[in-house]
Amino acid sequence: MSEKIMKHAGNLPRKNLLSLGTCFGKFTKSHKFKLHVTALEYLAPYAKFKIWLKPSAEQQFLYANHIMKSGLGRITEGTQKYQGVVVYNMADLPLGFGVAAKSTQECRHADPMTIVCFHQSDIGDYIRSEDTLI
């Protein structure tokens, strides 16, 4: 955001200002924080735990489906169960956020149809919910 826009926003009353900057997520009614896909480009370079998808599984993830073992390309070593992850394609393009359903060790011995990552948010959200994304 430019400094000029920030100064103009400072002149508005707080009750008239909806938001300023990039929306990283929202708090749910149960007081949990859910990341939005708008935070992806800021958080992806610093992700400690990552999952890479095979090309055949990319479209399924972008349609808000969970990741099966058969679609798993790679996973960061040491990923724990229920750990937040950033999902990439094999060309290292960040596709979205997820939660690891299995640890790295459990993924090695899992059945191909087992869910290894729960879908949380993806770049397809821009299209599916563009009017309610803010």
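Select Thr104 to start: this residue is found in helix H4, where helices (H or I, at least four residues) and strands (E, at least two) are DSSP runs, numbered from the N terminus. This is a predicted model, in which local features need pLDDT of at least 70 and side-chain atom pairs count only at pLDDT 80 or more, while totals for chains, interfaces and linings use all residues. Residues are numbered from 1 along each chain as its sequence is written, and side-chain values use heavy atoms, with hydrogens and water left out.

**Around Thr104**

Is Thr104 buried or exposed? Its relative accessibility is 5%, so Thr104 counts as buried; buried means under 20% relative accessible area, exposed over 50%, and partly exposed in between (1.4 Å probe, protein chains only). Now show what surrounds this residue. Leaving aside neighbours within four places in sequence, Thr104 is in contact with Ile75, Thr76, Glu77, Gly78 and Thr79, contact meaning heavy atoms within 4.5 Å.

Zoom in on Gly78 next. Its backbone nitrogen lies 3.5 Å from a polar atom of the Thr104 side chain. For a polar contact, the rule asks for a pair of N or O atoms within 3.5 Å; within protein, one must be able to donate a hydrogen and the other to accept it, and residues adjacent in sequence count only if both atoms are side-chain atoms. To get a sense of scale, select Ala64 as well: Thr104 and Ala64 are 40 residues apart in sequence and 22 Å apart in space, C-alpha to C-alpha.

**The salt bridge**

The term stands for a side-chain nitrogen of Lys or Arg within 4 Å of a carboxyl oxygen of Asp or Glu, and the structure holds one. Which parts of the chain does the pair tie together? Glu77 lies in the loop between strand S5 (72-75) and S6, and Arg108 in helix H4 (residues 104-108), so the bridge joins parts that are 31 residues apart in sequence.

**Two cysteines**

Cys107 is buried, with a relative accessible area of 3%. Select Cys117 too; at 0% relative accessibility, Cys117 counts as buried.

**Aromatic rings**

Next, display the aromatic side chains. Rings of Phe, Tyr and Trp (its six-membered ring) pair if their centres lie within 6.5 Å; planes under 30 degrees apart count as stacked, over 60 as edge-to-face and the rest as tilted. By this rule there are three aromatic pairs. One of them is Phe27 with Phe33, an edge-to-face pair at 5.0 Å centre to centre with 65° between the planes. Phe27 is exposed, with a relative accessible area of 63%, whereas Phe33 is partly exposed at 42%.

Another pair is Trp52 with Tyr88: the ring centres are 6.0 Å apart and the planes at 25°, so this pair is stacked. The pair links distant parts of the chain, with Trp52 in strand S3 (residues 50-53) and Tyr88 in strand S6 (residues 84-89), 36 residues apart. Trp52 is buried at 11% relative accessible area, and Tyr88 counts as buried at 6%.

Move along to Asn89, found in strand S6. Asn89 is buried, with a relative accessible area of 8%. Not counting residues up to four places away in sequence, Asn89 touches Trp52, Leu53, Glu58 and Leu95. Its side chain reaches the backbone nitrogen of Ala91 at 3.1 Å.

Then select Asp92, in the loop between S6 and strand S7 (94-100). Phi of Asp92 is near 60°, a positive value in a residue other than glycine. At 46% relative accessibility, Asp92 is partly exposed.

**Last stop**

Finish at His31, in the loop between strand S1 (25-27) and strand S2 (33-35). What is phi of His31 near? The value is near 65°, a positive one in a residue other than glycine. His31 counts as exposed, at 70% relative accessibility.
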